[in-house]
Structure formats: structure tokens, C-alpha cells
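Have the structure open as you read.

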Amino acid sequence: MAFNDSDAALAAKADQRMEQALATRTVERDDYLDTTPAEPLSNRDINRMAVRSLALQASFNYERMQAGGWLYTLIPALRKIHKNPEDLSNSMKMHLEFINVHPFDVTFLSGLVLAMEQNKEKLSTIRAVKVALMGPLGGIGDAMFWLTWLPICAGIGAALALEGSLFGPIVFLLLFNALHFGLRFGLAHYGYRAGLGAISALKSSTKKISHAASIVGMTVIGALVASYVRLSTPLEIHAGQARIALQEGVLDKLMPNLLPLAFTLAMYGLMKKGYSPVKLIALTVLIGLAGKFFGVL
């Protein structure tokens, strides 16, 4: 998902997601037979939902994406909310429709949906909220986790590992999952408590949050490129009696770490053209072997 999509592009994506959801719709009625609001869910119910959300992508498929894992996340709470078998059946059918959301902040949406289910909102209303928040939560999750927190934690862990510390991978896992699980459980309770009131606030601030997180993430990635992508050349330039090292005398004068930056941008360009990470790793190995063999790297 692009972090700076125009409003028209975001609306088009929302329409596409709604079409995908409606294409897999099997719900027979829009209203529940029992419209009496259910008893509030306990903290234990919300925590159980958050734990089950870890299996969100366990049955991922290209027709309904995360629908199976999404329903698995909600089933215990839905059974507690809907005592009428037909209402429970309709609710489960609706939650088996297409859904694709970030796996780390999904609990905000599931908590919000459970609050609506508890209040016995119309199925079409619940579906619309799910579709409306898929994109914003995906953008925020990508920017916060993949572009910001993951590179930071990986950088700290890699720095320790390069110094010979066995705690490098342990620190990486602890740091990354501290935020991951903190948000997974915290957002579950916040989404359930906030209910519908949080929707407008989230939608209005989505682009700002995503944009800010992506800026931080790009800064961190730039620092990682300079620190951990190591590429230099031993070539020399001969001018009469003088010899000038190409790396120290020219490239580093123009811009420190110019070769690592150029190599990173080249890999990024190839990835944008459809090259898989495996192919890029193989290409990197070949470039390194060829460069060492011919004495240019």
C-alpha cells in the first residue's frame, strides 16, 4: 500500500475491497433476529481474541485472504454474544467474507467489530467498517513495523552480533516482540472500549501517522545502508607518476559510502522490476565473486 495515496486512490481501493467482500457474501439477512445488546465481554475474552489473532494468516488464500484466521479469532466471543443459532450462523458467514489487514494491528479492528457485534449492529454496517479500516490499518502497520521498528531492532541486533555477542538475535527478538505483543493486546482492549467513536479519529489521522512513520523508517534504512552495506574498490587511477586510490581519493571525496548507496539503489530498482529476493542474493554473490576475481572489488 502506498503511504501517500490521494483521496481518490484511497476511495478506489476501498470500493475494490467492498466489491471483493460482496463477491464472497453468503449472508441471508442484514438484521439479527435477537436485537437485544449482549452482555459486555470480559478482559479474558478480549485477551483470548488477541491470542487467537496470532493465527490470522494460518489459512491465507487468494480468494478471501485472511477470512479463515479472522473468523477463528472471533469465534469464542461471537458464541458468547449470539445465543440464537441463526444469528451466530449469519455472523460467521459475514466474517468469512474477504478481509486483508495488517496482522499486527488487526486486534484493533477485531475489538471494534466485537463491540459492534455486542450492540447487534446491522451486518452491512459491520461489513462497511471492516472494509473502511482494512486500508488505514494496513498502511499504519506497514509503516510502523516493516519500515520503522523492524529495521531499528534488526540494526541493534546486527550491531551486537557483529561484535561477537550471542545476545544479538535475542535482543532483536525481545525488542521487536515487546512492541508487537504490547500493541496486539493493547489495541484489542482499546478497539473494544472505543467502539464506533474511534473510526472517524483513525481515518482522519491515518495519512499523518503513516507519513510520519515512513519518514522515520526511511531515515533508519538510510543509516543501515551506510553502516552495514560494505562495498569498496581497490582500483587506482594513474596520472603520470601519481597514483590516486579510486575509493579514498575520488569516491569518498564525492560522497562517503557512495558505492553501498549505488548498490542498494540498484537492488531496489531490480526488486521493483519483479526480481525476487533469492535472485538478488544470488546476483550479489556473483557480483562479489566476479569483482574479487577481476580485482575491482
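## Before we start

Keep in mind that this is a predicted model.

## Rings meeting rings

Let's begin with the aromatics. You'll find eight aromatic pairs in the structure. Take Phe60 and Tyr62: their ring centres are 5.8 Å apart and their planes sit at 90°, so this pair is edge-to-face. As for how open they are, Phe60 is partly exposed at 35% relative accessible area, while Tyr62, at 75%, counts as exposed.

Elsewhere, rings gather in a group. Phe104, Phe145, Trp146, Phe172 and Phe176 are joined into a cluster by ring pairs.

## A charge over a ring

Look at Tyr72: the charged end of Arg52 sits over its ring, 3.7 Å from the ring centre.

Side chains of opposite charge can pair when their charged atoms come close. This structure has five salt bridges.

One of them joins Lys122 and Asp31, whose closest N and O atoms are 2.6 Å apart. Lys122 is in the loop between helix 5 (106-118) and helix 6 (123-162), and Asp31 is in the loop between helix 1 (7-23) and helix 2 (43-52), so the bridge ties together parts that are 91 residues apart in sequence. Lys122 is partly exposed, with 39% relative accessibility, and Asp31 is partly exposed as well, at 36%.

Another bridge pairs Asp34 with Lys120, and here the closest N and O atoms are 3.9 Å apart. Asp34 belongs to the loop between helix 1 and helix 2, and Lys120 to the loop between helix 5 and helix 6, so this pair links distant parts of the chain, 86 residues apart.

## A buried bridge

Now for Glu97 and Arg127, whose side chains meet in a salt bridge at 2.8 Å, N to O. Glu97 lies in the loop between helix 4 (85-94) and helix 5, and Arg127 lies in helix 6, so the pair ties together parts that are 30 residues apart in sequence. Both Glu97 and Arg127 are buried.

Conventions
Residues numbered from 1 in each chain as written. Predicted model: local features only at pLDDT ≥ 70, side-chain atom pairs only at ≥ 80, totals over all residues. Heavy atoms only, no water. Phe/Tyr/Trp six-rings, centres within 6.5 Å; stacked < 30°, edge-to-face > 60°. Buried < 20%, exposed > 50% of the residue type's maximum accessible area, 1.4 Å probe, protein only. Lys NZ or Arg CZ within 6 Å of the ring centre and 35° of its normal. Salt bridge = Lys/Arg side-chain N within 4 Å of Asp/Glu carboxyl O. Helix = DSSP H or I, 4+ residues; strand = E, 2+ residues; numbered from the N terminus.
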